[in-house]
Amino acid sequence: MISRIDLRGAAFPEGGIDRDLLPRAEFDVEAALETVRPICEDVRHRGGAAVLDHGERFDGVRPERLRVSGKALAEALDGLDVEVRAALEESIRRARTVHREQRRTDVTTQVVPGGTVTERWVPVQRVGLYVPGGLAVYPSSVVMNVVPAQEAGVGAVAVASPPQKEFGGLPHPTILAACALLGVDEVYAAGGAQAVAMFAYGTDECRPVNLVTGPGNIYVAAAKRLLKGRIGIDAEAGPTEIAVLADASADPGYVAADLISQAEHDPLAAAVLVTTSPELADAVDGELKVRVAATKHRERITAALGGRQSATVLVDTLDQGLEVVDAYAAEHLEIQTEDAAAVAARVRNAGAIFVGPHAPVSLGDYCAGSNHVLPTGGCACHSSGLSVQSFLRGIHVVDYSREALEEVAGHVVTLANAEDLPAHGEAVTARLGGTR
């Protein structure tokens, strides 16, 4: 069901792991650009009518208007299952507890007497948060996007989620209920590239935003890439992925269950086990056969586990295993080894790390308090998951007295002349009695 890559002995590369040796889903955002470009241009020129037209084309339904009414939001919350509401409220509470601690404070540094630089953290004014539809319903993504934006102090939060034919052109009612729980009353029935373009260019109903965050399919990712610059973006999210670094002490049932949990998302989802134990690998294979056959979404899980993006990687030592997972830079990385906390502390590249046998990825998906909007496709080697910082901008405030400027003026003039930009120096000397 899941292929093997044997890197034991001489097979382990002497110069280190090349990330191209490791399994990865094919996700060609560049190729998708030419598909989304005309959609985005159409929205730019025709506004809301274009968003509705493309929604009807791709989602098979045309809502009466893009913006969801307050009445529909209230009805969705009233109709929410009591247990689902309690679970969402607990998810929100835990996420707020974690994200509230991330808010940065302004820092003023006295460089010289009379000269200070303050780094001031300012939230973006308006954000557009994308919540996908497709194969599953993601109220948890509403929580993960909205909570850090609110804790950052963002002034205006708008949510877009694809219209659903079975719900009369509205987003899924659980999505709407989650928005209502969080106090978000600006919600749009729009999905795909047209939703990102709506946020970027604005329509009669939706003002343009400064930043767009949230996961989506390849066309959402391509629209983000295309419109980056006009809007800020968090990341170009690809298919979800899990890596598990395990030794012989790991429970094969736990490992198999966790690989399946991420494979459940999508046929392109990646599940990678890196282990020093061939016996564990064999036991996990056995557990997968039993568990996949009994689970609800076995077709997409089988496709994901059997795809080229998933594999079991055999290594000789945990040091080699750490090299592999650092090269892979997984969205989600579980450490199921002896002394798991110490091993986890050595990891450099991962979107989120789950330590030990009782911290499965699904805990982080919903109720750990961490954020589940994380870098995919190996981007965890240079990018972070969504947080309060994603919605903040650092602004340097420079405050110098005449005396402090005079003390450093010579150096400024010297550097200005070295760069053949004499007017830069003259902007200083003009203040100190120099020639105009």
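Helices (H or I, at least four residues) and strands (E, at least two) are taken from DSSP runs and numbered from the N terminus. The model is predicted, so local features are reported at pLDDT of at least 70 and side-chain atom pairs at pLDDT 80 or more, while totals for chains, interfaces and linings use all residues. Residues are numbered from 1 along each chain as its sequence is written, and side-chain values use heavy atoms, with hydrogens and water left out.

Most residues other than glycine have a negative phi. A329, in the loop between α12 (318–328) and β12 (332–336), instead has a positive phi near 55°. D420 also carries a positive phi, of about 55°, and sits in the loop between α15 (402–418) and α16 (422–429). Accessibility is sorted into buried (under 20% relative accessible area), exposed (over 50%) and partly exposed in between, with a 1.4 Å probe and protein chains only. A329 counts as buried because its relative accessibility is 0%, whereas D420, at 62%, counts as exposed.

The interior comes next. In helix α6 (residues 173–181), the buried residues include T174, I175, L176 and A177. Elements covering the buried residues of α6 include α3 (70–78), α4 (82–100) and β5 (156–161), with contact meaning heavy atoms within 4.5 Å. Just after this helix, G183 takes a positive phi of about 80°. A nonpolar core is a set of buried Ala, Val, Leu, Ile, Met, Phe, Trp, Tyr and Cys residues joined through side-chain atoms within 4.5 Å. The largest such core has 39 residues, and V127 and F391 have the most contacts inside it. Helix α5 gives the largest share of this core, 7 residues. A second, separate core of 35 residues includes L33, A193, V209 and V212. T213, in strand β7 (residues 211–213), is buried at 1% relative accessibility; beyond its neighbours within four places in sequence, its contacts include Y130, D234 and F391.

The largest pocket holds about 1,200 Å³ of space, a volume being the space filled by probe spheres set on the points. Of its 49 lining residues, P132, G133, Y138, G216 and N217 are the closest to its centre. The second largest pocket has a volume of about 620 Å³. Among its 33 lining residues, D234, A235, E236, P375 and C379 are the closest to the centre.

A salt bridge places a side-chain nitrogen of Lys or Arg within 4 Å of a carboxyl oxygen of Asp or Glu, and the whole structure has 22 of them. R225 lies in helix α8 and E236 in the loop between β8 (232–233) and β9 (241–246), 11 residues apart. Another bridge joins R4 and D282, with the closest N and O atoms 2.6 Å apart. This pair connects strand β1 (residues 3–6) with helix α10 (residues 278–294), across 278 residues. Finally, D42, R46, D53, E56 and R62 are linked in a network of salt bridges.

Key: On a 1 Å grid over the protein atoms alone, a cavity is a set of points where a 1.4 Å probe fits but cannot get out, and a pocket is an open set with protein on both sides within 12 Å along at least five of seven lines; lining residues have an atom within 4 Å of a point.
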